Amino acid sequence: MNDRNAKIYVAGHNGLVGSALVRKLKSLGYKNIITRQFSKLDLRIQSDVEQFFAQEKPEYVFLAAAKVGGIKANLENPAHFMYDNLSIQTNVIHSSYKHDVKKLFFLGSSCIYPRNCPQPIKEKYLLSGNLEKTNEQYAIAKIAGIKMCQAYNQQYKTNFISCMPTNLYGPGDNFDLETSHVFPALLRKFYEAKRDKKKDVVVWGTGKVYREFLHVDELADAVMFLMQHYKGNEIVNIGTGYDLTISDLAYVIKEVVGFEGEIIFDTSKPDGTPRKKLCVDRLSAIGWKSCNSEKEAQQKLKKGIKDTLNWCLKNSVF
Ligand code: GFB
C-alpha cells in the first residue's frame with residue numbers, strides 16, 4: 001500500500017471503525033478512497049456488490065461494514081446480527097477475490113473467543129471452547145469471516161488479513177442508549193445526568209466484569225500498520241493489553257464528566273462475558289503497541305473519554 005494513488009474501498013465508512021479508517025487514510029495522503037452510502041449499495045445483496053466491484057475495481061479493501069451493537073442489541077436481534085454479517089462479509093470477500101483485490105482487511109472482534117478463555121487471550125484460543133451466549137450469532141458470523149479469508153488465502157493465494165479488536169470507542173460511535181456499547185452509553189448517561197442535575201446514574205449488570213478499551217483512532221493506526229507490514233493467515237489481536245471492571249470504567253467516566261451523584265448497578269441486566277483481555281504479543285512482535293504500562297493505558301482512557309465527550313458536544317450528539 002505504498003502508492004498514495006491506489007484505489008482503496010472502505011466498506012462501512014460511516015461507522016465507528018470505517019470513519020476512523022477514512023480519517024487515517026486521508027491523513028496519510030491516500031487520494032483515491034472510494035465509499036458508498038447504504039442507500040446506494042446494500043452490501044447484503046450479492047449481485048449489487050458484484051456489480052460494484054466489477055465497475056470500481058478497488059485495489060485494496062477495508063471491510064469494516066457490519067451489523068454491530070451492544071449486549072442488549074445482540075440479545076434482542078440474533079437473526080439480524082447473523083444474517084447481515086454473514087451476507088455482508090461473504091459478498092465483499094468473494095467479490096474481492098473475483099476482482100483481484102491486492103489485499104483485504106477483515107475486521108473481527110474479541111467476542112470470537114470462548115467465554116471462559118485463559119487470560120490474556122491468545123489468538124490460538126479461537127474455537128477452543130463454548131462462546132458467550134449474549135453475542136453468539138455475531139461471534140459465529142465473525143468466525144466464518146476469518147475462516148473464509150483463510151480459506152481463500154489457502155486455495156486462491158489471496159492476501160486477506162483478519163484482526164480482532166478489543167472493545168472500541170471514539171468519534172462516530174453509536175450513542176443510542178438501547179443499542180450502543182457500554183462506553184458511549186455511560187458517557188451519555190453521566191453527561192446528561194450532570195446537565196439535568198439528576199441524583200443517580202444506572203449502570204447495567206453487576207459492574208464486576210472486565211473489559212478492555214481502545215480508542216478507534218489507535219485501532220486505525222494499528223490496522224494501517226498491519227496493512228503495510230503484515231502478510232499472513234494468522235489472525236492478529238489489537239488491543240491495549242490492559243482492562244478494567246465496568247464499575248471502574250463507570251467511576252472514571254463519572255470523574256471525567258464531573259457528575260457528583262450516585263451510581264446504581266442494575267443487576268437485572270446481563271453482564272455478558274466475565275473477561276476478554278487480549279494478549280497483544282503477536283501485534284507487538286510485528287511492531288505495533290498501544291501501551292507500555294497500566295498507567296499509560298489509564299491515562300489514554302481518561303484522555304479518550306474527554307476527547308470523545310468534546311466530539312459529542314461539538315457535533316450535538318446529545
Ligand atoms: O459494551 P457492551 O454492551 O457489550 O457491555 P459486551 C459491556 C458490559 O457493560 C456489560 C455493561 O456487562 C453490560 O451489562 N453495561 C453497563 C452496559 N451499563 C451499560 C449500558 O448502559 N449499556 C451497555 N451496552 N452496557 C459486545 C458484544 O459485548 O462487545 C458485541 O455484544 C461486540 O457483539 C462488542 O463483540 C465488542 O462487551 O458485553
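Which helices and which strand each supply at least two residues of the shell around the ligand? This is a predicted model, so please keep that in mind throughout. The elements are helix H3, residues 71-76, helix H6, residues 182-195, and strand S7, residues 200-204. Among the contributors, H6 gives the most to that shell, with four residues.

Now the shell itself. There are 23 residues around the ligand, and those that come nearest are Ile-71, Lys-189, Arg-211, Pro-270 and Asp-271. Sorted by class, the shell has eleven nonpolar residues, eight polar ones and four charged ones.

A polar backbone atom of Ile-71 sits 2.8 Å from an oxygen atom of the ligand. For Asn-167, an N or O atom in the side chain is 3.0 Å from a ligand oxygen. Asn-135 also uses a polar side-chain atom, which lies 3.5 Å from an oxygen atom of the ligand. As for burial, the ligand taken alone exposes 700 Å², and the protein buries 97% of that.

The last item is a helix pair. Helix H2, residues 46-56, and helix H4, residues 78-98, have axes that come within 9 Å and cross at roughly 35°. The crossing of H2 past H4 is right-handed. On the H2 side, the contact residues are Gln-46, Val-49, Glu-50 and Phe-53; they meet Asn-91, Val-92, Ser-95, Ser-96 and Lys-98 on H4. By class, this contact holds three nonpolar, four polar and two charged residues.

Key:
Residues are numbered from 1 along each chain as its sequence is written. This is a predicted model: local features need pLDDT of at least 70, side-chain atom pairs count only at pLDDT 80 or more; totals for chains, interfaces and linings use all residues. Side-chain values use heavy atoms; hydrogens and water are left out. Axes are lines fitted to C-alpha atoms, for helices over the stretch in contact, and angles run from 0 to 180 degrees between N-to-C directions. A crossing is left-handed if the near helix is turned anticlockwise from the far one by less than a right angle, and right-handed if clockwise. Contact means heavy atoms within 4.5 Å. Ala, Val, Leu, Ile, Met, Phe, Trp, Tyr, Cys and Pro count as nonpolar, Asp, Glu, Lys and Arg as charged, and the others, Gly among them, as polar. A residue is near a molecule or strand if one of its heavy atoms lies within 4 Å of it. A polar contact is a pair of N or O atoms within 3.5 Å; within protein, one must be able to donate a hydrogen and the other to accept it, and residues adjacent in sequence count only if both atoms are side-chain atoms. Accessible areas come from the Shrake-Rupley method with a 1.4 Å probe; for residues, only the protein chains shown count as cover.
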